[in-house]
Amino acid sequence: MQRSTIRAWFLIHKWTSIVCTAFLLMLCVTGLPLIFHDEIDELTEGAPQFGMPGVGSSGEAPGLKPLDAMLAKALAARPGEVPVFMAFDNDQPSMTVTTAPRADSPAADMTIQLLDRSTGQATGAVDEDGVMHFILQLHTDMFLGLPGMLFLGLMGLLFVIAIVSGVVLYAPFMKKLEFGTLRTSRSTRLKWLDYHNLLGIVALAWMTVVGATGVINALATPIFQYWQMTELADMTKAYAGKGAVRPSRYGSIDKAMAAARKAIPGNNPQFIAFPGGSFSSKHHYAVFFQGNTPLTERLLTVALIDAETGEFTDARPMPWYARALALSQPLHFGDYGGLPLKILWAILTLFTMIVLGSGLYLWLGKRRSGTDALVREVESGGDLAPAG
């Protein structure tokens with residue numbers, strides 16, 4: 001590789017890393033507890049007691065209360081509000097009903113109620129003021145909404161570019177060294193340079209996956225807005241020009257669910273989006289079904305049911321970009337493989353924090369050195385570094 005090429009990649013690695021390092025460290029620190037959010041929730045909130053343990057609220061088991069009755073229960077607790085979402089569980093009769101002053105209200109104005117479909121009783125509400133919610137929002141958008149999400153997405157993109165440029169520089173740096181070399185008896189700078197390179201290459205695949213899925217997750221809102229403007233608009237073109245269905249004219253949820261199940265048999269409903277929200281049209285119940293295997297349960301198919309008449313309108317799998325989002329969300333937090341994968345995710349997160357911290361240390365320690373000297377350091381495998 002020519003020196004000019006190494007210099008170009010060095011500058012790309014240097015500036016993309018410098019810009020994103022502080023935000024990536026924040027995302028690593030907040031991401032660690034989020035990896036174990038299920039376990040933390042169980043420890044802090046205790047295991048809930050259900051009337052029919054082990055019976056999923058997404059099913060049709062005898063004894064489960066009608067969905068209309070569950071919705072009426074939730075609305076009675078929030079008079080004057082309208083339903084936005086109804087979500088289900090495949091393992092327990094727990095379900096949630098989200099209400100808000102308007103169907104298009106911002107998330108901050110929504111209330112999420114927890115209910116037991118086997119008893120018809122409310123079991124609590126999602127705590128929007130808890131520590132885990134604070135950490136999640138800091139990790140997701142830094143309390144800035146969509147601008148914050150897009151900004152963190154940009155930082156994720158810079159992180160991916162820094163990874164790629166780091167790999168390109170790794171080859172000339174290591175051409176005279178054996179893999180895993182740690183020169184701990186030499187200068188402090190050389191020792192941390194070796195740690196930076198070793199941990200970076202060991203965690204390379206993981207950092208790339210988490211960085212790329214983080215970028216995709218940051219685009220969640222634009223992705224669903226695009227889906228609404230294109231795919232959903234095509235599915236509901238027969239309703240174009242019609243006014244929105246008022247909540248007082250909403251038909252039976254149970255009738256709508258029966259029509260949706262008939263259109264998409266063999267799958268479990270994950271959630272219902274009510275008319276007027278960001279996941280449906282102004283006229284439909286959008287029933288999102290998930291597959292019944294570990295892989296397909298992340299891939300959703302939506303069935304649209306006329307909210308006033310309860311008649312089936314259309315059903316289609318979500319397009320490729322929405323599927324990419326659905327698959328990237330659990331991968332980002334290591335939710336695919338249970339606790340062992342979560343522990344591995346946490347270890348690799350710590351590796352990444354060391355890589356980021358050591359990179360910052362190396363930059364701060366050589367800010368007065370010219371770029372040519374640092375490029376020669378890459379070419380020589382660090383042998384030109386002065387003693388510390």
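How do the residues of the lining of the second largest pocket divide into nonpolar, polar and charged? I find 21 nonpolar, 9 polar and 5 charged, where Ala, Val, Leu, Ile, Met, Phe, Trp, Tyr, Cys and Pro count as nonpolar, Asp, Glu, Lys and Arg as charged, and the others, Gly among them, as polar.

I note that this is a predicted model, in which local features need pLDDT of at least 70 and side-chain atom pairs count only at pLDDT 80 or more, while totals for chains, interfaces and linings use all residues. Residues are numbered from 1 along each chain as its sequence is written, and side-chain values use heavy atoms, with hydrogens and water left out.

Entry on the pocket. I read a volume of about 830 Å³ for the second largest pocket (on a 1 Å grid over the protein atoms alone, an open set of points where a 1.4 Å probe fits, with protein on both sides within 12 Å along at least five of seven lines; lining residues have an atom within 4 Å of a point). Of its 35 lining residues, His-13, Ser-17, His-196, Gly-359 and Leu-362 are the closest to the centre. Among the helices (DSSP runs of H or I, at least four residues), α5 gives the most to this lining, with 8 residues.

Entry on the strand. I looked up β6, residues 284–290 (strands are DSSP E runs of at least two), and found 7 of its 7 residues buried, that is, under 20% relative accessible area with a 1.4 Å probe, protein chains only. His-284, Ala-286, Phe-288 and Gln-290 point one way, and Tyr-285, Val-287 and Phe-289 the other. β6 pairs with β5 in the antiparallel sense over 5 bridges (pairing needs at least two DSSP bridges), and Ile-272 stands opposite Val-287.

Definitions and conventions
Grid points are joined across faces, edges and corners, and a volume is the space filled by probe spheres set on the points. Buried means under 20% relative accessible area, exposed over 50%, partly exposed in between (1.4 Å probe, protein chains only).
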